[in-house]
Amino acid sequence: MASTDTDTGAGPQAPETSRTPEQPATSDPARTQTGKPDAAADLAGLEAGLDALDTRTATRPPLGQVLRRKVVPPVVAIALVLGLWQLAFSLRLKPSYQLPGPLMVWDALAEEWYKGTILSIIWQSVSRGALGFVVALVLGTCLGLLVAQFRPVRAAIGPILSGLQSLPSVAWVPAAIIWFGLTDATIYAVVLLGAVPSIANGLVAGVDQIQPLHLRAGRVIGATGLRGVRHVLLPGALPGYISGLKQGWAFSWRSLMAAELIATSPELGAGLGQLLETGRAYQDMPLVLGAILLILLVGIGIELLIFAPVERRVLRHRGLLTTAH
Amino acid sequence: MTTTLTTQTTSKTPKAQPSPASAPGAGVKDARPAMDEAGYAARIEHVSKSFGRAGAEQLVLDDINLDVAPGEFVTLLGASGCGKSTLLNLVAGLDKTSAGSIDVPGGRPSLMFQEHALFPWLTAGRNIELALKLRGVPKPERRAEAERLLELVRLTGAHRKRVHELSGGMRQRVALARALAQDSQLLLMDEPFAALDAITRDVLHEELTRIWSETNVSVLFVTHNVREAVRLAQRVVLLSSRPGRVAHEWNVDIPHPRRIEDSEVANLSVEITEELRGEIRRHGQH
Ligand SMILES: Nc1ncnc2c1ncn2[C@@H]1O[C@H](COP(=O)(O)OP(=O)(O)OP(=O)(O)O)[C@@H](O)[C@H]1O
Ligand SMILES: [Mg+2]
């Protein structure tokens, strides 16, 4: 059948009656629409009405609701885990040198705190992780752009890049030690090998998710070449890119801990991984658990304090976030 | 009715100025002289386009010839899938012709899509400012110019609105403002109002006619809605399907202001619809 339509269901014989009196059919040809203030005002009013009827405004949920929905559940979950842990400890399921109670772990951490070393240990790891991540960010972004934009490059290294993502980066540690010895270079090499593929893959996925319509619209308004990358490609790929960055950070942090745990030497400043290793060496289970908790807390903290707000902001601006989140 | 290519329009235009071709240089922009010299805003000559691998090509457009005069409003009408979007993409330079040539003397045309195609990562105003920036408008002037364009599409105050906060009609108006921000001499529109409800579409028809009469831009407007084509155009061009060819042309002499329910619009629509049905029927015969 015809894929054309005659508008608004009005038959081909237009009803003469439907015309408004102030729009005579045989108007003076010289008269323009703009010369008719009444009609213009009428139109503006109609538009204002349509706009008002069809405008959504994003509202943010009240603080109380946010607290109830977002804060209470994890707090309850943590309390539950601590309770079970304490119960297991009190029931002496395992000897206390194997399963210390929450308070013993707390005391071990407090002891480290009073020694005054704990902050420098955390800082050592976090600064290594951050520096490694920033370098991985630059490398991963360049690599991701190359893979996303150039078909031969994608064909050549695209599969390798996604394969590398599933390779546990701890596997690189022995190789890195042989290459670089027990130096910082070893640690950074492992961090980079862990994080760069994630970031690059995230960017590639982000670029692939850009609507073709946006790419064409960009070309139409003159965003070609580097300006296309800057104004369309990167912002368009941002949601995928950010999840790549998040994963990249998780991989950096993991790789860093693996590297610190294995590559311990007096020349290398002590980080959380070395603290863990020290605990193992002294059979100090409270310290081991304490170090694990710290590693977990740093990872979660950076995710919650840096990545989650950025991601939420980006998604909210694009209308991709429902109020339930 | 004529099937020949007429570049001189005879209809009474609602323009304030006389036809720009007859008054070259009068308060015009940079790109205008080139266009006035050429005497057309776009010239499509013997254009063919086929898709698919060599040997198994599908001929979509076949020997299209069409001129758009400076300041003219042409609608391109045809059944779904006849190659209207393909032709607009060719004129916009988003795709290459298989044969023939397209000349747009006034520089890169702007193109409005069926969907708004606004960038969701920018506010309404920033979308417009980006087009201004890419056109080379210096930063201090962009904000004011964007405000002016928003005013032109009657969206004063929508500068900071996010795209997803706007209604469908508002989005299309912002998209129109962004297209106008390119300040090109030729505005290509690919069924820009197809997804809107009848009343909103009606309002946007009036806006488009007003803006066209105020800005001197030439418009090539694609639609498969016969009445919309007649309502807007000075000239309606009918494309046949498979392959797309220029099947027929009508000059629309109905004076502005027009409304989609006017009897003249209806009468010409009946005639064009008959022709279009004939075109479609031909395909059922073999
Ligand atoms: N990139 C492409 N590759 C292959 N075939 C294509 C391509 N683009 C369009 N076509 C074909 O060309 C024909 C015309 O498509 P086009 O989108 O131009 O039609 P249209 O007239 O705009 O239709 P509609 O009114 O539905 O938008 C269709 O048969 C389509 O299948
Ligand atoms: Mg189309």
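The model is a predicted one, in which local features need pLDDT of at least 70, side-chain atom pairs count only at pLDDT 80 or more, and totals for chains, interfaces and linings use all residues. Residues are numbered from 1 along each chain as its sequence is written, chains are lettered from A and ligands numbered from 1 in the order in which they are written, and side-chain values use heavy atoms, with hydrogens and water left out.

The secondary structure of chain B comes to eight helices and nine strands, where helices (H or I, at least four residues) and strands (E, at least two) are DSSP runs numbered from the N terminus. Strand 3 of chain B, residues 73-77, is joined to strand 8 of chain B by four bridges, and these two strands run parallel; two strands count as paired if DSSP finds at least two bridges between them. On to strand 9 of chain B, residues 246-251, strand 8 of chain B is joined by five bridges, this time running antiparallel, and here L239(B) stands opposite V246(B). The hairpin made by strand 8 and strand 9 of chain B has six residues between the strands, and in it R242(B) takes a positive phi near 45 degrees.

These strands belong to an open sheet of six strands in chain B, with the order 5-6-7-3-8-9 and mixed pairing. Its edge strands are strand 5 (110-112) and strand 9 of chain B, each of which pairs on one side only. Neighbouring strands of this sheet are turned by 20 degrees against each other on average, direction ignored, where axes are lines fitted to C-alpha atoms, for helices over the stretch in contact, and angles run from 0 to 180 degrees between N-to-C directions. Strand 5 of chain B is joined by three bridges to strand 6 of chain B, residues 186-190, and the two run parallel, with M112(B) standing opposite M189(B). Helix 2 of chain B (residues 84-92) packs on the sheet, touching strand 3, strand 5, strand 6, strand 7 (218-223) and strand 8 of chain B, and its direction makes about 150 degrees with that of strand 6 of chain B.

How many of the five residues of strand 8 of chain B are buried? Five of the five residues of this strand, residues 235-239, are buried, so the strand is largely enclosed by the rest of the structure; buried means under 20% relative accessible area, exposed over 50%, and partly exposed in between, with a 1.4 Å probe and protein chains only. R235(B), V237(B) and L239(B) point one way from the strand, while V236(B) and L238(B) point the other way. Of the 286 residues of chain B, 60% count as buried.

In soluble globular proteins, nonpolar side chains tend to be buried together. The largest nonpolar core here has 90 residues, and those with the most contacts inside it are I128(B), L176(B), M189(B) and V236(B); such a core is a set of buried Ala, Val, Leu, Ile, Met, Phe, Trp, Tyr and Cys residues joined through side-chain atoms within 4.5 Å. Its largest share, eight residues, comes from helix 5 of chain B, residues 168-181. M189(B) touches residues including L88(B), M112(B), L176(B) and F221(B), where contact means heavy atoms within 4.5 Å. A second, separate core of 47 residues includes F133(A), A259(A), L276(A) and I295(A).

The aromatic rings come next, and the structure holds eight aromatic pairs over all chains. Rings of Phe, Tyr and Trp (its six-membered ring) pair if their centres lie within 6.5 Å, and planes under 30 degrees apart count as stacked, over 60 as edge-to-face and the rest as tilted. The rings of F133(A) and W249(A) have their centres 6.0 Å apart and their planes at 85 degrees, so this pair is edge-to-face. The pair links distant parts of the chain, 116 residues apart, with F133(A) in helix 4 (residues 118-149) and W249(A) in helix 9 (residues 225-262) of chain A. Both F133(A) and W249(A) are buried. In chain B, the rings of F119(B) and W121(B) have their centres 4.8 Å apart and their planes at 10 degrees, so that pair is stacked.

Terms used. Lists of a residue's contacts leave out its neighbours within four places in sequence.
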